[in-house]
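I opened this notebook to record what I looked up in one structure. The entries follow the order in which I consulted it.

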Amino acid sequence: MKVHLKQIPPQGLHIEGEEDAAFLELAEHEEIYVKTLGPVRYSLEVGLSGGGLFATGSLALDLQFECVNCLVKFDYPLRVENFAMQTELDGRETVDLTPYAREDILLALPPYPHCDWNGERACPGAARNINDVSSESHAWDALDQLKLKQRK
Ligand SMILES: [Zn+2]
């Protein structure tokens, strides 16, 4: 994700491609289990203005998490739709966008990954922790209560 300034025309430059996810160094993100399932895909508009370089666009990365409740591993498509960065050039001829992409991706990671994040499955770990679950809606209410407790 290195950009050569000389390759940026006045109207700006569209770049897209893939970058090996190793630069994210997610293994050092030790609080949660997370594994990358593929490269970071990017689609960016790059431009120059007032002695600086800016880039906006989207980043996509498929991840695997482990549910904090039931420990099941599940796939999670991480999307950063509003990536934006800006930097002074200071005489440089190339700018590496990867540190900015890494920062935004780390910020977008869910702090407590749950396997039921998209509502397609009910987390069995959450249900096991709740007694007297008489209906699914009660289960969801109880789950919300549980989440609130965990946040405190
Ligand atoms: Zn779960």
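Before listing contacts, I noted the criterion: two residues are in contact if their C-beta atoms, placed from the backbone, lie within 7 Å. I also noted that the model is predicted.

Entry on the overall fold. I found three helices and seven strands in the protein. Along the sequence, I read the order as β-β-β-β-β-β-β-α-α-α. I then looked up burial and found that 18% of the 152 residues are buried. For contacts between residues at least 6 apart in sequence, I recorded that 61% join residues at least 24 apart.

Entry on Val 68. I located Val 68 in the loop between strand 5 (52–66) and strand 6 (73–88). Leaving aside residues up to four places away in sequence, I found that Val 68 touches Tyr 112, Pro 113 and His 114. I also looked up Tyr 33, which is 35 residues from Val 68 in sequence, with a C-alpha to C-alpha separation of 9.0 Å. Val 68 counts as partly exposed because 18 other C-beta atoms lie within 10 Å.

Entry on backbone angles. I recalled that most residues other than glycine have a negative phi. Leu 71, not a glycine, has a positive phi of about 65°. I placed Leu 71 in the loop between strand 5 and strand 6. With 11 other C-beta atoms within 10 Å, Leu 71 is exposed. Asp 90 also has a positive phi, near 50°. I found Asp 90 in the loop between strand 6 and strand 7 (94–96). Asp 90 has 7 other C-beta atoms within 10 Å and is therefore exposed.

Note on methods: Residues numbered from 1 in each chain as written. Predicted model: local features only at pLDDT ≥ 70, side-chain atom pairs only at ≥ 80, totals over all residues. Helix = DSSP H or I, 4+ residues; strand = E, 2+ residues; numbered from the N terminus. Buried ≥ 20, exposed ≤ 12 C-beta atoms within 10 Å, placed from the backbone.
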